[in-house]
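Q: I am new to this structure. Can we take its features one by one?
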Amino acid sequence: MSQDLFTERRVISTLEKVQDPEIPVVSIVDLGMIHSINTAHDKITVELLPTYVACPATNIILSDATAALNAEFPEREVEVSFSFAQPWTTDRLAKGADEKLKELGISASSACPFCGETDSELISEFGPTPCRSAHFCPKCRNAFEIFKTKLRLAPAPGSTNGGQRSKQESLDIHRK
Amino acid sequence: MRRCVRGFNVVELSDPRLSLLLALADDELSIGHRHSEWTGWAPVLEEDLAFSSIAQDEIGHATLLYGLAHDLGAPDPDALAFGRKPSEYRCASICEQPNGDWAYTLARHHVYDIADDIRLQALERSSYSQLGDVARVLRVEEVFHLRHAELWMKRLDSEPRLRDAMTTVLSQAGSLFEPIENEAQLVDSGVMPVASGELFEQFQKRVGGDMGSVPVDGGGRRGLRSEHFEEMYEDMTGLYRGHAGASW
């Protein structure tokens with residue numbers, strides 16, 4: 001199985017233009033959603049990690065990514081699908097993604113995106129979309145949202161990785 | 001293997017893994033449906049949003065689990081979610097209870113998500129690797145449900161109605177740990193790394209209660225449904241069953 005790195009870079013550039021429909025300042029590459037790219041045998045196969053399994057934006061992202069790749073590679077078969085090989089986590093966000101989120105008034109840390117105050121009040125773990133929590137800043141008295149930190153959990157005590165198939169690690173293109 | 005009986009999709013449990021997948025998915029679908037009933041009715045706007053999001057999550061999780069069942073030969077997720085007859089659902093009885101008041105809803109949300117966390121932690125080590133992967137993905141999302149419930153339990157800690165609701169919910173929580181059909185095979189093969197009885201003990205330690213050594217067998221895992229399920233079933237499946245073959 002051969003991987004054409006030039007084609008892979010073209011795939012990534014194409015997907016850099018596919019934006020999250022609910023957060024249009026970030027692309028699916030910025031969000032770290034790409035799990036794998038395979039360019040062998042004249043077929044482009046891309047696996048994405050859904051940010052949140054039930055988020056309705058994920059189906060739109062799937063069709064947008066497929067359409068973008070079909071337009072870029074009209075001579076090849078394209079297949080884009082979701083993988084659950086590992087959870088999507090916020091440590092996959094590309095450098096610079098948090099600045100882009102701030103443009104929309106979404107903080108990627110605990111600081112208020114309007115005044116920088118770090119001691120905010122949590123209103124709810126659930127905001128207008130699955131990925132954001134709702135907060136109130138006591139200093140500038142604005143309501144704002146935080147892009148929720150979502151991290152891999154430690155396995156239960158006493159568990160081992162024995163018996164688990166080795167997983168393909170996701171492409172490390174996200175940390176620029 | 002599947003066959004249709006008078007318009008219903010019947011799932012024959014030729015693969016013991018189907019029993020487990022349907023129990024997990026039916027729990028998520030039922031509790032998700034119950035949470036969704038607060039949309040437009042919750043006491044404050046933020047909780048309307050929260051319960052709608054949590055409901056969406058749970059139903060999305062059910063969809064993934066039904067998808068695994070479909071990969072093993074069961075009907076597609078929509079047919080599994082909406083097209084079976086009531087006696088074919090394998091949800092725990094606590095999941096089909098009506099929402100009651102806000103106190104009951106919060107208490108059940110708290111207790112259900114603790115139980116779910118315990119079983120998902122175990123399932124991450126399943127010999128059925130696709131289920132292990134899905135369990136790992138779901139558990140990362142369920143953290144937010146747990147935190148949401150904990151925040152409310154702390155806020156209303158001294159409220160007598162919440163304490164009474166917790167007593168009621170704990171009396172029903174054992175239904176989540178009734179043995180799954182074909183459980184012996186599932187445990188022997190490592191598909192269920194931890195048996196229901198042991199999960200129940202872990203649950204009791206975590207909630208700080210003593211509910212006995214064996215969970216009460218209400219029959220939910222064997223398809224015994226209450227009149228509460230029938231009423232929810234009509235609401236949840238009526239549109240799908242009334243327009244067979246429609247696409248949306």
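Predicted model: local features only at pLDDT ≥ 70, side-chain atom pairs only at ≥ 80, totals over all residues.

Q: In which sense do strand 7 and strand 8 of chain A pair?
A: The general idea comes first. Strands of a sheet pair through backbone hydrogen bonds, in either a parallel or an antiparallel way. Here strand 7 and strand 8 (residues 132-136) of chain A are antiparallel, with three bridges. Opposite Glu121(A) stands Phe136(A), in strand 8 of chain A.

Q: Where does Ser83(A) lie?
A: Look in the loop that links strand 5 (77-82) to helix 3 (97-103) of chain A.

Q: Is Ser83(A) buried or exposed?
A: Check the relative accessibility against the cut-off: under 20% is buried. Ser83(A) has 7%, so it counts as buried.

Q: What does Ser83(A) touch?
A: Its side chain reaches the backbone nitrogen of Ala85(A) at 3.1 Å. Beyond neighbours within four places in sequence, Ser83(A) contacts His35(A), Glu47(A), Leu48(A), Leu49(A) and Pro50(A).

Q: How does the span of helix 6 of chain B check out?
A: Compare the expected span with the distance between the end C-alpha atoms. Helix 6 (residues 129-155) of chain B has 27 residues, so at 1.5 Å a residue it should span 39 Å. Its end C-alpha atoms are 39 Å apart, which agrees.

Q: Where does helix 6 of chain B bend, and how many of its residues are buried?
A: The bend is about 30°, at Glu141(B). Helix 6 of chain B is mostly covered, with 21 of its 27 residues buried.

Technical notes. Residues numbered from 1 in each chain as written. Chains lettered and ligands numbered in written order. Heavy atoms only, no water. Helix = DSSP H or I, 4+ residues; strand = E, 2+ residues; numbered from the N terminus. Expected span 1.5 Å × (residues − 1). Bend = angle between axes of the 7 residues up to and from the residue. Buried < 20%, exposed > 50% of the residue type's maximum accessible area, 1.4 Å probe, protein only. Pairing = 2+ DSSP bridges. Polar contact = N/O pair within 3.5 Å; in protein donor to acceptor, adjacent residues only side chain to side chain. Contact = heavy atoms within 4.5 Å.
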